[in-house]
Amino acid sequence: MRRKHDAVFYGAFVLPAVIVYTLFMIYPVAMSAGYSLTEWNGVTAKTFEGLGNYQELIADGDYWQVVRNTGQLIAYSLVFQVGAGLAIAYLLAKVVRGFRFYRSVYFIPVIISPVAIGLMFSLFYNSDTGPLNHLLDSLGLSSWKRQWLSDPHTVLKAVMAPQIWQYIGLYVVIFLAAIQQVPEELLESARMDGAGPFRTFFNVVMPQIWDVFQVCVILAVTGSLKSFDHAWVITSGGPGNASSFIALQMFKTAFISNQIGYGSAMTITILAYAALFTVLFKRICARLYN
Amino acid sequence: MTWLSAKMKKSASIVLAATLVAGLAAGCSNSNNDKGSNASPSTDASPSASSSPNNGGDKITIRFAYNWTGADPKASYFEGKLKEYEAKHPEIAFKFEATPGEEHRTKIKVDTTAGNLPDIFTYWLGPVNLKPLVDANEILDMDEYLSKSGTVKKEQYTDIAWSFFDIGGKKYGLPLEAFKGFFMANRELFQKYNLEYPKTYADLINVAKVFNDNGIVPFSMGSKNGQPSHLFFSYLTYQFQNGFDDAQQIPQTYQYDTDAVRQAAQAVTQMKEDGIFPSDTVANGDWGPQLSLYNEEKAAMVYEFPWMIGNVKPEIVDKSDLINFPALDGSVVDPSSYTIGAVAMGLLINRKSFEDPAKQQALVDFADFINSDEVLGEVAKGGLFPAKQMELDPSTLSPLYAKAMEFTKTQNVWPHHESYVPDSNAYSVILSSLDELFAGFVSPEDYVSKTQKALDKAK
């Protein structure tokens, strides 16, 4: 009887969240999955296509180009957001004077609108009027000058750089909070045993923040899979698809080309990549941990 | 005690759940009754943001979506008139949904997909934009509106203006904003370097060399999502044999791969190699950055359109002459004989809203107001070329507006390719491929092949 009462009590608290989650997450995803099986321009009647959109995706060179671009973004995010964020947080945890100042400085870009950051960088990169090429000139590095957004070798990296830079601070703050929770006794005993900073980091700190590290990796990967704003503002994903990512391509397909069904299929692939990565990553981590 | 505690928990949980669910339901209910308030992703328009009356009592609600807002020079004139109209009609609860620039197109598409189309809205022309709305029976045949209107008559617009909204013989939009392109040159920069305005491509190369040697971009042209390059590309195409005729045939032939398009693509590549454009056409793409180079006197020439007139600095207007673009090698049409122009925007009415007896008269009156000489004349101060045939008071217009009107008045006005390409996916491929062409990512052959494939797919 008591259990039943408890179940009702707890259920009552959970129910609103379940309703909201179902309405705003499960239902739209289910609708997208449904749309992905249709040919639909968003206005006229849908035509059931079965898996036709997915078959078309497999043969679509543009789609695979944006998948490769997104893969690069994920790799750079893991190295420069999670990796650099962790390193900076570890160093920052040792700072005694000015700790709060540095923490704030690293976090400030995170709270700026991605659109503002994108606009700022598009001006920065402008090879005719922007400061970047002028800076290279003044440093005697004129041979490094490029048409940053019109050069096939630089445009993707130029678009990735601001979004990677912007969110480093987020990981710094998360890792910093985790590192500060590492018991001082452990660090003290490591020091007494003669462990240097590297050994302390890998053998004492990392095992203690392992769960947080996993969360950050998942955040970086899923965040990259959803990447949209910076590329949209700086290049609109162009020229062609040179700086486009899956989420941006999905938007252009669904809402500019009026191919809602095909765009929905792209949405489902983003969901599938995110889910697949999370499951595999958690399994690998669990195996590593064991 | 245990029993009491359990009972209290049960009661508390029921009350809590009921409250939260009721709140959620109330939230949903409100949004249904007041569809326009939360449904739109766009910025709620400034005119009504503070003064919109509540949607209570017998008031009817009219949702009007438009894009003459934000940094658009027409915004202050247009939104000022909207405010006046709103104040004069307290019996109507207006919801003005303003979304700047191209984002307005996305807003309307999203609203359409969500079954939440505004009652009345401005929109672009041509089958690529209108056909999906017509196929879904979402928008009104304008003859129905004209039969109810007290002031707006079919004869007030040219047949060409109506033709941009013609789908299957019916007209689905009221022509609102027309446009004509014009080339400007900075007279002082040309004088400073003892240069004449170029008349041939050879002249253009010589001019470009001098300007480039002095750190000035000869001709400001960018391409980001095909803006504004697609208009310039159409202009170039029409210099070549059958360029304009071929474009007009696209709705029937779906043939974009023509000799004229190939020659124009070749010309773009050549101009890029000859240093005529900015080195980074993506960074200088879109309307603002392209004009910015010219406004800052970092570019000597620019291709502009009426909607940018209000953004040209007055001191730059004084230094500018309107010129003809030089004839390209192999061209057969005199480039001074035509300009790119069409109707840029029209006013569309939601068919279901119009068929609502409670809303019909209010919609007719509001559409009449938008198309009145009073409103169009006022908005012309911000650079609007009215599609309606009407007299404008020259004393109220900006000097550049007057210059552009005068310069282009004898030229043939030829619509750009967007007016003829019948499929939105194909046109978006053309736009993104233009970015590649101007950036030098693709060869002229690849550009033509890629765009033609998109049209073949749309057949």
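In this predicted model, chain B has an average pLDDT of 87, with 88% of its residues scoring at least 70. Where pLDDT is low, the predicted coordinates should not be read in detail. For the model, the scores are an ipTM of 0.85 and a pTM of 0.84.

The contact between the chains draws on 36 residues from chain A and 41 residues from chain B. On the side of chain A that touches chain B, the elements contributing two or more residues are helix H1 (2-35), helix H5 (114-125) and helix H12 (246-256) of chain A, and the largest share, eight residues, is provided by H1(A). By residue class, this side of chain A comprises 16 nonpolar, 17 polar and three charged residues.

Elsewhere in chain A, helix H8 (residues 184-192) lies largely in the open, because the number of buried residues among its nine is zero. Just after H8(A), a positive phi of about 90 degrees is adopted by A:Gly194.

Conventions:
Residues numbered from 1 in each chain as written. Chains lettered and ligands numbered in written order. Predicted model: local features only at pLDDT ≥ 70, side-chain atom pairs only at ≥ 80, totals over all residues. Contact = placed C-beta atoms within 7 Å. Helix = DSSP H or I, 4+ residues; strand = E, 2+ residues; numbered from the N terminus. Nonpolar A, V, L, I, M, F, W, Y, C, P; charged D, E, K, R; others polar. pLDDT = per-residue confidence, 0-100. Buried ≥ 20, exposed ≤ 12 C-beta atoms within 10 Å, placed from the backbone.
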